[in-house]
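Please walk through this structure with attention to its aromatic side chains and its ligand site.

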Amino acid sequence: MFSIYNARMTSSPFSFTDGAYWQRLKKGQHERLVKLCKPARHSAVLDMTAGLLQDSLILARCGYQVTALEHNEALYKIAQNALARFTEETGFQDTSARIQHLLTEATEWMADRHYDVVYLDPMFPEREKSAAVTKEAQLLQRHERPAEASEEQLLLKQALAIASKRVIVKRPLHAPFLAEQKPSFSDKGKAIRYDIYLTPA
Ligand SMILES: C[S@@+](CC[C@H](N)C(=O)[O-])C[C@H]1O[C@@H](n2cnc3c(N)ncnc32)[C@H](O)[C@@H]1O
């Protein structure tokens with residue numbers, strides 16, 4: 001079933017050049033996540049839970065070198081396909097070239113260098129219940145289950161070991177801290193909260 005999403009497929013369940021996300025991508029500098037990465041401007045970011053690459057692409061558009069890890073093959077191929085079409089349609093080759101997209105289990109992936117910022121956006125069960133669930137979230141939920149507590153702990157432990165400046169964790173506004181670990185500070189929006197762990201702790 002995964003093979004239907006090959007990189008040259010023309011009809012796809014997902015595109016970066018649709019609706020609200022495309023507008024966000026064009027105005028990338030104003031994104032909260034981009035501002036939170038600022039101490040490491042134009043440097044290396046590791047996205048350990050890449051999903052559909054929406055966050056990775058915004059960071060790459062703003063000049064960050066992004067290594068994006070995804071362990072679900074179907075989601076990896078959907079995102080790869082969308083990235084190939086994005087490059088062809090928009091001509092933003094420099095943006096796409098800043099993303100190294102890898103199909104791998106992040107907790108087993110051995111970083112060959114340190115990253116300034118490590119970003120985590122694990123699946124969260126509450127998203128399934130939300131009335132305002134986006135079509136991207138539905139696509140993610142169709143292919144992937146929420147992380148187990150032990151996986152969350154491992155992801156955060158590894159992220160803290162790799163990041164030389166900070167780890168940024170995306171959470172629903174009222175969600176508990178990832179792995180029950182208190183961050184250095186939080187940045188709260190209307191629906192999303194970013195928890196920032198300064199490293200070394
Ligand atoms: C909520 S989505 C991330 C969405 C992403 N930030 C975006 O902009 O599209 C979480 C993703 O992380 C992936 N994931 C979760 N745990 C992982 C792990 N241990 N290694 C690699 N990928 C993982 C899931 O398969 C899922 O695609």
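In this predicted model, arginine 61 sits over the face of phenylalanine 92, 4.1 Å from the ring centre. Phenylalanine 92 has 22% relative accessibility and therefore counts as partly exposed, since buried means under 20%.

Phenylalanine 92 also pairs with phenylalanine 86: the ring centres are 5.8 Å apart and the planes meet at 65°, so the pair is edge-to-face. Phenylalanine 86, at 1% relative accessibility, counts as buried.

The aromatic pairs number 7. Another of them joins phenylalanine 86 to phenylalanine 16, edge-to-face, with 6.0 Å from centre to centre and 80° between the planes. Phenylalanine 16 lies in the segment before helix 1 (19–26) and phenylalanine 86 in helix 4 (residues 73–90), so this pair ties together parts 70 residues apart in sequence. Both phenylalanine 16 and phenylalanine 86 are buried. Ring pairs link Phe14, Phe16, Tyr21, Trp22, Phe86 and Phe92 into a cluster.

The ligand site comes next. The ligand is surrounded by 22 residues, of which Asp55, Glu70, Glu105, Ala106 and Asp121 are the closest. By class, this shell has 10 nonpolar, 6 polar and 6 charged residues.

A ligand oxygen lies 3.5 Å from a backbone N or O atom of alanine 50. Taken alone, the ligand exposes 610 Å², and the protein buries 97% of that. Helix 3 (54–61) and strand 2 (65–70) are the elements that give two or more residues to the shell around the ligand.

Terms used. Residues numbered from 1 in each chain as written. Heavy atoms only, no water. Near = heavy atom within 4 Å. Polar contact = N/O pair within 3.5 Å; in protein donor to acceptor, adjacent residues only side chain to side chain. Areas by Shrake-Rupley, 256 points an atom, 1.4 Å probe, with all protein chains shown as cover. Helix = DSSP H or I, 4+ residues; strand = E, 2+ residues; numbered from the N terminus. Nonpolar A, V, L, I, M, F, W, Y, C, P; charged D, E, K, R; others polar. Phe/Tyr/Trp six-rings, centres within 6.5 Å; stacked < 30°, edge-to-face > 60°. Buried < 20%, exposed > 50% of the residue type's maximum accessible area, 1.4 Å probe, protein only. Lys NZ or Arg CZ within 6 Å of the ring centre and 35° of its normal.
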